[in-house]
Amino acid sequence: MKNRKNYLKARKKRFQWSYIGWVGKDSTCPICGGSPLVQIYRYDAWACISCNEWLDKACDDPNCPYCRIRPQTPYEAYFLTNMEAISARFRKRWRCDNYQHKTNGMKKHMRRRLLAEQLLK
């Protein structure tokens with residue numbers, strides 16, 4: 001059971017990284033050899049989750065929309081993204097929409113849909 005819990009924690013962490021960027025499944029870090037690498041959309045840069053390093057250097061242009069707001073480490077970018085209100089709403093909405101695969105999820109979804117239709121009438 002302990003291995004299953006550890007697997008689920010690691011899977012959840014990888015999934016949370018996919019909110020802020022693209023997770024390369026077959027990519028490996030040239031620094032530590034760990035995987036996976038993450039392409040973070042907001043900063044347009046590759047990062048290694050294992051060694052917590054940016055693989056792309058920031059440019060020296062003070063007007064660059066990506067590099068001037070990029071934090072020192074990828075984990076800071078991860079926590080800044082999770083603290084934003086829009087991110088919380090997006091996660092909650094995603095969970096609501098993808099709840100149907102669980103037990104009684106379809107019933108709950110249909111009940112919510114009927115209630116919304118009644119309120120609109």
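Student: Why is Trp22 called partly exposed?

Tutor: A word first on the source: this is a predicted model, in which local features need pLDDT of at least 70 and side-chain atom pairs count only at pLDDT 80 or more, while totals for chains, interfaces and linings use all residues. Residues are numbered from 1 along each chain as its sequence is written, and side-chain values use heavy atoms, with hydrogens and water left out. As for Trp22, its relative accessible area is 46%, and since buried means under 20%, exposed over 50% and partly exposed in between (1.4 Å probe, protein chains only), Trp22 is partly exposed.

Student: How many aromatic pairs does a search of the whole structure find, and what makes the pair of Trp22 and Trp46 edge-to-face?

Tutor: The search finds 2 aromatic pairs. Rings of Phe, Tyr and Trp (its six-membered ring) pair if their centres lie within 6.5 Å, and planes under 30 degrees apart count as stacked, over 60 as edge-to-face and the rest as tilted. The rings of Trp22 and Trp46 have centres 5.7 Å apart and planes at 85°, so this pair is edge-to-face. Trp22 belongs to strand S1 (residues 21-24) and Trp46 to strand S3 (residues 45-48), 24 residues apart, so the pair links distant parts of the chain; strands (E, at least two residues) and helices (H or I, at least four) are DSSP runs, numbered from the N terminus.

Student: How do you know that the rings of Tyr43 and Trp54 are edge-to-face?

Tutor: Their centres are 5.9 Å apart and their planes stand at 75°, so this pair is edge-to-face as well.

Student: Why are Tyr43 and Trp54 called buried?

Tutor: Tyr43 has a relative accessible area of 3% and Trp54 has 12%, and both residues therefore count as buried.

Student: What makes Arg70 a residue that lies over the face of Trp54?

Tutor: A charge sits over a ring if NZ of Lys or CZ of Arg is within 6 Å of the ring centre and within 35 degrees of the ring normal, and Arg70 lies over the face of Trp54 at 4.6 Å from the ring centre.

Student: How do you know that S1 pairs with S2?

Tutor: Two strands pair if DSSP finds at least two bridges between them, and 4 bridges join S1 to S2, which run antiparallel. In the open sheet the 4 strands follow the order S1-S2-S3-S4, with S1 and S4 as the edge strands, each pairing on one side only.
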